[in-house]
Amino acid sequence: MTFFDEMTGADGVLRAPYRIIHDWLETSPPELLEARRAQAEHMFRRIGITFAVYGEKEAAERLIPFDLIPRILSQSEWTRLEAGLKQRVTALNMFIADVYGAQSVIRAGVVPADIILRNACYRPEMAGFRAPHDIWVHIAGIDIVRVDDKDFYVLEDNARTPSGVSYMLENREVMMRLMPDLFMRNRVAPVENYTNDLLSCLKSVAPVSAPGDRTAVLLTPGQYNSAYYEHSFLADRLGVELVEGGDLFVRDDIVYMRTTRGPQRVDVIYRRIDDEFLDPLVFRPDSALGVPGLMNAYLNGNVTLANAVGTGIADDKAIYTYMPEIIRFFTGEEPILKNVPTWRCRDADSLKYVFEHLSELVVKEVNGSGGYGMLVGPHATAQQIAEFALKIKADPANYIAQPTLQLSTCPTFCDAGTGPRHVDLRPFVLSGANGMRVAPGGLTRVAMKEGSLVVNSSQGGGTKDTWVIEDLHHDPL
Amino acid sequence: MLARSAENLFWVARYIERADFSARMIDAALRLATLPKAYGGDGNEWVSPLAAVGNLDLFRKVHDKQDQNTVFNFLAFDRENPSSIRNCIANARRAARAVRTALTLEMWESINAAWLELSRIESERDPKNPMSREEVDRFLDFVKAISRDFDGAAYRTMLRDDAYWFNRIGLYAERADNTARILDVKYHLLLPQSEEIGGTLDYFQWTAILRSVSALTAYHWVYRESVKPWLVMDLLVQRSEMPRSLVSCYENIARYLDLIGQHYGQQGPSQRLARSVHATLVNSSREEIFQRGLHEFVTDFISSNNRLSGMLAEQYFPS
């Protein structure tokens, strides 16, 4: 089977954005690539960019494999993608505001009520709440795939606490240090201003009542969380305190952090812990990660949480299936980015189809993430398929199915030399009271195993630097 | 700054300093253990380092023999020993990760590189097979280099603000504790009368003490005399030019606490205690110390130093 390759298309003809990289790959001896790869790994390990994988005790801190060969988008491709992302996130924000507000989307019959109201991520506590500046999803990570050079498909929306942006930033740093020559020959749009944009985004959404000098913090579950490196990295770049639940307390519905000079008021919390753990008085009482009283402070408008509470409904894969309608309903526009055709197992007809085609489909839990709890039909054994079928039968509404997408491939450096590996792309979209911003490119994830379609880092996937380059560039030197 | 950050900065420096001290104690004991009995090698060389790092009881609970390899493994690698070098480095890294944002990249890299190297050494080591003397030396040099690298990074790259001051206070509080503990374990060798009793026999014990705080050369520069026990005591307690002396440590602690007090516009109990400990060290004459009893003097110091840590926590690291 041939796939659309980012470098050579479907027909083996070199695509323009890859001219220089192709030339570089042709002329660089494998030993050089190997030496650079080893250097990159050494740099990542020294800086401590590690990733903890749940359920792997001995590998408590592991490196995500980094691939040297960049994934490249032309400026014109990016312009289209960026417009699509802004459109989609605008709709997501309006949708979530509506779900906790007027619920016109339900009354108009665009999305069935039960999908929303029975959703595990729907937060009844938020009903009637108006998020500061009407922004709910301050930071969104939209997973994009492509199967040809025409369309971009959204694979899923991450509106809770999308991670991975530190890899986007560090990958670029490492690439620029290791291969300055490549950056001399390609004009690559910079991504380093992301944290600056994020900080102004966070400060822009502080409660109106906040004092002039607004204090933002990043709330982490702590250093045993799989994304702790990212939390500390971002706090450092943002120049804000990296706090744990125990560092914060609430008095008279105002949030304070404990400092060496006494309590200091906090206005915006970029929280990297899930809703359920935020406040033991409202959500899970056993959570030691959160801050008692935080929800009261939030609902009284004395602190802004980014992202807002309850945005998880947008991550739901059943809601995903309605996104084209949601975009049309709220923006009045045709969606620029496509949805992957999806069967909702809650519908009897679809369920029947899914059961008949399990070996061809990818089946996912509606609330799953990180590549857990899914079935990749073409790569599963008969027994795995049979076991998964039982799970679907027990709770059909919990599953959706999609065709096995022929994800595009990108040349990737591996043990046997350079070969095509499947990739996706997670761009990061910021929404503040000061407008929307998208860092050019995003995080490209790559399935390091030949033929594998699973790019999640928890399942052994790697990452690549992602370039957006000018359409017309100079001839190779 | 975040209270928890200040606390972790304080502890990072303490753990690194403690690892360094353990390495020096092992070094000194190894040297003593090579001496014939007639020169002070009494077969008990390995008791002092255990006592000085405060783990003699724990060691005796777990082990019945005190041979070199058992003690070395216990002090260097044992995960059950809370202040083994391995655990100090692991704890330093844990604290460093928790305040990653308050450390400079150079400081983080020095700790992280140390941790990676230690993990490599641990994985290649066979606990049943004693390390060769050469491997032991290489290991101790590696540990001592960590503190130099970390301190150098802190000194060269940190902003001179409260983060730096809390970090330095941790270092000096630990160093003062370490020096006091050697004095506590060895005080009987430093009493004035031991000159007659011990004579040259104790020379090697005294020099071992000096070596464990890397002060043998310093001793000769300061006193230009042969090694005398009361001068060893003087050097380690009251000489402000000696960076590991109690008085030098407290000069630093008092200074950094004052800077914090000025910076925050508020003095508190820890500033007052640090100044009073410093005054006691400066104002006690050598005769007074011996009259009162060196042992009592040192024990009092250790408990004041512990009290200071408690006060710091109360004043600056509330949780």
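Two residues are in contact if their C-beta atoms, placed from the backbone, lie within 7 Å. Keep that in mind for the close-ups below, which come from a predicted model.

**View 1. Where chain A touches chain B.**
Going by that cut-off, the contact uses 17 residues of chain A and 19 residues of chain B. On the chain A side, at least two residues each come from α2 (30-47), α9 (228-238), β5 (241-243) and β7 (254-259). What kinds of residue make up the side of chain A that touches chain B? It has 4 nonpolar, 6 polar and 7 charged residues.

**View 2. The two domains of chain B.**
Chain B splits into domain 1, residues 1-158, and domain 2, residues 160-319. Their C-alpha centres are 21 Å apart. Where the two meet, domain 1 of chain B puts in 29 residues and domain 2 of chain B puts in 31 residues. Two helices of chain B, α1 (3-33) and α2 (47-52), each give at least two residues to the domain 1 side of this meeting place. The largest share of that side is from α1(B), with 18 residues. Sorted by class, the domain 1 side holds 19 nonpolar, 3 polar and 7 charged residues.

**View 3. The largest nonpolar core.**
Here you're looking at a core of 228 residues, the largest nonpolar one. Phe95(A), Leu218(A), Tyr250(B) and Ile253(B) have the most contacts inside it. Which element gives the most to this core? That would be α1(B), with 17 residues. Now pick out Phe95(A): setting aside its neighbours within four places in sequence, Phe95(A) is in contact with Val105(A), Ala314(A), Ile326(A) and Phe330(A).

**View 4. Two helices crossing in chain A.**
Helix α3 (residues 75-99) and helix α12 (residues 323-331) of chain A have axes that come within 9 Å and cross at roughly 80°. Angles of 65 to 115 degrees count as roughly perpendicular, so α3(A) is roughly perpendicular to α12(A). From α3(A), the residues at the meeting point are Gln87(A), Arg88(A), Thr90(A), Ala91(A), Met94(A) and Phe95(A). Facing them from α12(A) are Ile326(A), Ile327(A), Phe330(A) and Thr331(A). By class, this contact between α3(A) and α12(A) comprises 6 nonpolar, 3 polar and 1 charged.

**View 5. A loop in chain A with a cis peptide bond.**
Most residues other than glycine have a negative phi, and most peptide bonds are trans. The bond from Ala306(A) to Asn307(A) is cis, with omega near 0°. Look for Asn307(A) in the loop between β10 (304-306) and α11 (317-320) of chain A. Ile313(A) is also in the loop between β10 and α11 of chain A. Is Ile313(A) buried or exposed? A residue is buried if 20 or more other C-beta atoms lie within 10 Å of its own; Ile313(A) counts as buried because it has 25 C-beta neighbours inside 10 Å. Leaving out residues up to four places away in sequence, Ile313(A) touches Ile96(A), Val99(A), Ile116(A), Asn119(A), Cys121(A), Tyr122(A) and Ile319(A). Take Val99(A): it sits 214 residues from Ile313(A) along the chain, and the C-alpha atoms of the two are separated by 9.3 Å.

**View 6. Positive phi angles in chain B.**
Two loop residues of chain B are shown here. Ser214(B) isn't a glycine, but it has a positive phi of about 45°. You'll find Ser214(B) in the loop between α10 (203-212) and α11 (216-223) of chain B. Ser214(B) counts as partly exposed because it has 15 C-beta neighbours inside 10 Å. Arg224(B), another residue other than glycine, has a positive phi near 50°. Arg224(B) belongs to the loop between α11 and α12 (229-237) of chain B. With 7 C-beta neighbours inside 10 Å, Arg224(B) counts as exposed.

**View 7. The two domains of chain A.**
The contact between them takes 13 residues from domain 1 of chain A and 11 residues from domain 2 of chain A. On the domain 1 side you'll see 7 nonpolar, 4 polar and 2 charged residues.

Definitions and conventions:
Residues are numbered from 1 along each chain as its sequence is written. Chains are lettered from A and ligands numbered from 1 in the order in which they are written. This is a predicted model: local features need pLDDT of at least 70, side-chain atom pairs count only at pLDDT 80 or more; totals for chains, interfaces and linings use all residues. Domain bounds come from an automatic or database domain assignment. Helices (H or I, at least four residues) and strands (E, at least two) are DSSP runs, numbered from the N terminus. Ala, Val, Leu, Ile, Met, Phe, Trp, Tyr, Cys and Pro count as nonpolar, Asp, Glu, Lys and Arg as charged, and the others, Gly among them, as polar. A nonpolar core is a set of buried Ala, Val, Leu, Ile, Met, Phe, Trp, Tyr and Cys residues joined through C-beta atoms within 7 Å. A residue is buried if 20 or more other C-beta atoms lie within 10 Å of its own, exposed if 12 or fewer, and partly exposed in between; C-beta atoms are placed from the backbone. Axes are lines fitted to C-alpha atoms, for helices over the stretch in contact, and angles run from 0 to 180 degrees between N-to-C directions. Angles under 35 degrees count as roughly parallel, over 145 as roughly antiparallel, 65 to 115 as roughly perpendicular and the rest as oblique.
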